[in-house]
Amino acid sequence: AEGEIEWTFDETYDDYSGTSAEFHEHIDVPANAALGEYHITITVIDAEGNSYSEGSHFHVTDEDNDAEAITISEITVDENVAAGEEMHVDAEIAGEHGIENLEIHIHSEDGEGWEFEQSYTYEDETAIDFHEHFDVPADAAAGEYHLSLEVTDHDGNVASADVHFNITE
């Protein structure tokens, strides 16, 4: 939109050392940053040059963002899902201003393994009984996985809910 800037942030933090550290930094988002979904990646590099990266999504919204306008019930998913089988995801979603978009993101907690993303677009829905089945690939790595639902309403408000589950062999 007029007056907005395309915002990127790239910073190296050298203040962390040792065998473990709790990363905690505040990053100022410019007031005129373009509204929408952003992706953040944090890469840790050890003294020997080995690196590990982890990413996540977040949304930049205007000051009038009313995340309480969207409610997401507790997400229901089987605690353990076998590779090669089907998983079921359930959630009740309501949006005062109408639900526009729902995104589902699945990734392995250790960064290695199956990743899945899918978007759903809605027109005039204010309440959704989200019930979907997803095929877990037979070669999906066993381990702990993170599932996130991100819901956007017609006013640009965003709400999300998360759950963890395990993929077994």
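## Strands, sheet and pocket in a predicted all-strand model

T152 has its place in strand 10, where strands (E, at least two residues) and helices (H or I, at least four residues) are DSSP runs numbered from the N terminus. This is a predicted model in which local features need pLDDT of at least 70 and side-chain atom pairs count only at pLDDT 80 or more, while totals for chains, interfaces and linings use all residues. Residues are numbered from 1 along each chain as its sequence is written, and side-chain values use heavy atoms, with hydrogens and water left out.

T152 counts as buried because its relative accessibility is 17%, the term buried meaning under 20% relative accessible area, exposed over 50%, and partly exposed in between (1.4 Å probe, protein chains only). Leaving aside residues up to four places away in sequence, T152 touches I70, I99, E100, N101, N157 and V158, a contact being heavy atoms within 4.5 Å. D28, by contrast, lies in the segment before strand 1 (36-45) and counts as exposed because its relative accessibility is 69%. From C-alpha to C-alpha, D28 and F9 are 9.6 Å apart in space, and they are 19 residues apart in sequence.

The protein chain as a whole has zero helices and 11 strands. Its C-alpha atoms fill a box of roughly 55 × 50 × 20 Å along the principal axes, and of its 169 residues 29% are buried. Among the contacts of the protein chain with a separation of 6 or more, 60% are between residues 24 or more positions apart. The chain exposes about 11000 Å², of which carbon and sulfur atoms supply 43%; accessible areas come from the Shrake-Rupley method with a 1.4 Å probe, and for residues only the protein chains shown count as cover.

Five strands form an open sheet of mixed pairing, in the order 5-11-10-7-8, two strands being paired if DSSP finds at least two bridges between them. Strand 5 (80-82) and strand 8 (116-121) are the edge strands, each pairing on one side only. Neighbouring strands of this sheet are turned by 25° against each other on average, direction ignored; the axes are lines fitted to C-alpha atoms, and angles run from 0 to 180 degrees between N-to-C directions. Within this sheet's order, Y145 stands opposite F165 in strand 11.

Strand 6 (residues 86-95) has a covered face made of M87, V89, A91, I93 and G95, and an uncovered one made of E86, H88, D90, E92 and A94.

| Strands | Bridges |
|---|---|
| Strand 10 (residues 143-153) and strand 11 (residues 158-168) | 10 bridges |
| Strand 6 and strand 9 (residues 127-135) | nine bridges |
| Strand 3 (residues 70-72) and strand 6 | three bridges |
| Strand 4 (residues 76-77) and strand 6 | two bridges |

The largest pocket holds about 1100 Å³ of space, a volume being the space filled by probe spheres set on the grid points, which are joined across faces, edges and corners. A pocket is an open set of points, on a 1 Å grid over the protein atoms alone, where a 1.4 Å probe fits, with protein on both sides within 12 Å along at least five of seven lines, and lining residues have an atom within 4 Å of a point. The largest pocket is lined by 31 residues, of which E11, Y13, F23, I42 and T43 lie nearest its centre. Strand 1 supplies the largest share of this lining, eight residues.
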